[in-house]
Amino acid sequence: SACELAGQSGHARHLLEAAISRGAFPTLWNGGMLDLHDLSAPVARTAVRLALDDVVQRPDERRFHDTEKEGDFIVITGRGKRSEGGAAVLRPAILAMFRDE
């Protein structure tokens, strides 16, 4: 995304938080699973960062996941069936993010 390319991850996070609060991405978080289907790689990376921050910072109002109560934190990336050429896009992007950050 433009935010990511410009090094504006904080702005990307703010935009995603605003979108979620307005009802966008209603299936993003579902019972202990962060479902990244249908997201672009930059938005998926921002969603993972946002959710992991929630796990680590443990705010009073949990948006995503409480590992003490809910157990494992699961990230669903899909297999790439709907991607151009049928190749997975999100899994490699998220794995690279974990490796590089």
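Mentor: Let's begin with accessibility: buried means under 20% relative accessible area, exposed over 50%, and partly exposed in between (1.4 Å probe, protein chains only). Arg49, at 23% relative accessibility, counts as partly exposed. Keep in mind that this is a predicted model, where local features need pLDDT of at least 70, side-chain atom pairs count only at pLDDT 80 or more, and totals for chains, interfaces and linings use all residues. Residues are numbered from 1 along each chain as its sequence is written, and side-chain values use heavy atoms, with hydrogens and water left out.

Trainee: What is the mean pLDDT of the chain?
Mentor: pLDDT is the predictor's confidence in each residue, from 0 to 100. Here the chain's mean is 84, with 89% of its residues at 70 or more. For the elements, helices (H or I, at least four residues) and strands (E, at least two) are DSSP runs, numbered from the N terminus. Among the elements of the chain, the highest mean pLDDT, 95, belongs to helix H5 (residues 90-100), and the lowest, 68, to helix H4 (residues 67-70).

Trainee: How many salt bridges are there?
Mentor: The rule asks for a side-chain nitrogen of Lys or Arg within 4 Å of a carboxyl oxygen of Asp or Glu. That gives four salt bridges. One of them pairs Glu17 with Arg13, at 3.4 Å from N to O.

Trainee: Where do Glu17 and Arg13 sit in helix H2?
Mentor: They are four residues apart in helix H2 (residues 9-21), so about one helical turn separates them. Glu17 is partly exposed at 23% relative accessibility, and Arg13 is also partly exposed, at 25%.

Trainee: Which salt bridge does Arg13 form with its closest N and O atoms 2.3 Å apart?
Mentor: That's the one with Asp53. Arg13 lies in helix H2 and Asp53 in helix H3 (residues 41-57), so this pair ties together parts that are 40 residues apart in sequence. Asp53 is partly exposed, at 27% relative accessibility.

Trainee: And what does Glu101 pair with?
Mentor: Glu101 forms a salt bridge with Arg49, with 2.5 Å between the closest N and O atoms. Glu101 is in the segment after H5 and Arg49 in helix H3, so the pair links distant parts of the chain, 52 residues apart. At 62% relative accessibility, Glu101 counts as exposed, whereas Arg49 is partly exposed. Back to the shared partners: Arg13, Glu17 and Asp53 are joined into one network by their salt bridges.

Trainee: What is the strand order of the sheet?
Mentor: In general, strands of a sheet pair through backbone hydrogen bonds, either parallel or antiparallel. Two strands count as paired if DSSP finds at least two bridges between them. This open sheet has three strands in the order E1-E2-E3, with mixed pairing. Strands E1 (29-30) and E3 (74-76) are at the edges with a single partner strand each, so one side of each has no neighbour in the sheet. E1 and strand E2 (residues 33-35) run antiparallel, joined by two bridges, and Trp29 stands opposite Leu34 in E2.

Trainee: Which residues form the aromatic pair?
Mentor: An aromatic pair is described by the distance of the centres and the angle of the planes. Rings of Phe, Tyr and Trp (its six-membered ring) pair if their centres lie within 6.5 Å; planes under 30 degrees apart count as stacked, over 60 as edge-to-face and the rest as tilted. The structure holds one such pair. Trp29 and Phe73 form it, stacked, with 5.7 Å centre to centre and 25° between the planes. Trp29 is in strand E1 and Phe73 in the loop between H4 and E3, 44 residues apart.

Trainee: Is Trp29 buried or exposed?
Mentor: Trp29 is buried, at 18% relative accessible area, whereas Phe73 is partly exposed at 22%.
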